[in-house]
Amino acid sequence: MALIRWEPFREMEILRRQMDQLFSELTVAERDNSEISASARTAWVPAVELHDNGSELLLRVEIPGVEAKDLDIQVTQDAVSIAGEHRYEKHSQSNAKVHSEFRYGNFTRVIPLPTKVQNQQVKADLKDGILILNLPKLEQEQNKVFKVNLGQAQSATASIEAGNGNTQANITS
């Protein structure tokens, strides 16, 4: 029985070449079968900003090129779900080559909220590609008071109480 020397780097090089070949075949097939470039089909989610204004949350979502009719906005007390579609406008020009880096297709984004909101009182506005949602907080969330008690062993315990907005700290030594 003959011993065969194992060369791990040679094996890795063969695997790398096979993977390169597989990916090149996929990109050629995608380029031939589609009018939209591969980079345009990658997953896209809109960017968001969330501001806490005391009595309400202000959520701004950047969705350029998406019309209001193509949006589905759902609000629960704990989260906001935004789904929509950025549509590809097909232009009929014979033998025209198109290079596009725009992203088209469906998107979905779920934004968890830091506090509970009154989901029946939400106001929305879409202007210049920016969706603005005004999310009023629940009354019980606005009046949270955090009470901190320091005991003899210097251990801190925190309890949440609904109150008038005052914070109390009891210190005993």
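These legends go with a set of close-up views of one predicted model. Residues are numbered from 1 along each chain as its sequence is written, and side-chain values use heavy atoms, with hydrogens and water left out. As this is a predicted model, local features need pLDDT of at least 70 and side-chain atom pairs count only at pLDDT 80 or more, while totals for chains, interfaces and linings use all residues.

View 1. Helices (H or I, at least four residues) and strands (E, at least two) are DSSP runs, numbered from the N terminus. Starting at that end, the elements go α-β-β-β-β-β-β-β-α-β-β-β. Of the 173 residues, 18% count as buried (under 20% relative accessible area; exposed is over 50%, partly exposed in between, with a 1.4 Å probe and protein chains only).

**View 2. Here is the largest nonpolar core, with 16 residues.** A nonpolar core here is a set of buried Ala, Val, Leu, Ile, Met, Phe, Trp, Tyr and Cys residues joined through side-chain atoms within 4.5 Å. Leu59, Ile63, Val80, Ile82 and Leu135 touch the most other members. At least two residues come from each of strands S2 (56-62), S3 (71-75), S4 (79-86), S5 (105-112) and S7 (130-136). Zoom in on Leu135: leaving aside neighbours within four places in sequence, its contacts (heavy atoms within 4.5 Å) include Leu59, Val75, Val80 and Val122.

**View 3. Four strands line up as an open, antiparallel sheet, in the order S1-S2-S7-S6.** Strands S1 (47-52) and S6 (123-127) are the edges, each with a single partner strand, so one side of each has no neighbour in the sheet. From one strand to the next, the twist averages 15 degrees. S1 and S2 pair over six bridges (two strands pair if DSSP finds at least two bridges between them), and Asp52 sits opposite Leu57 in S2.

**View 4. Lys137 and Asp52 meet in a salt bridge, 2.8 Å from N to O.** That term means a side-chain nitrogen of Lys or Arg within 4 Å of a carboxyl oxygen of Asp or Glu. The pair ties together distant parts of the chain, 85 residues apart: Lys137 is in the loop between S7 and helix H2 (139-142), and Asp52 is in strand S1. Lys137 is buried at 6% relative accessibility, whereas Asp52 is partly exposed at 46%.

**View 5. Helix H1 (residues 8-33) holds both Glu13 and Arg17, four residues apart, about one turn of the helix.** Their side chains form a salt bridge at 3.6 Å, N to O. A network of salt bridges links Glu13, Arg16, Arg17 and Asp20.

Methods. Axes are lines fitted to C-alpha atoms, for helices over the stretch in contact, and angles run from 0 to 180 degrees between N-to-C directions.
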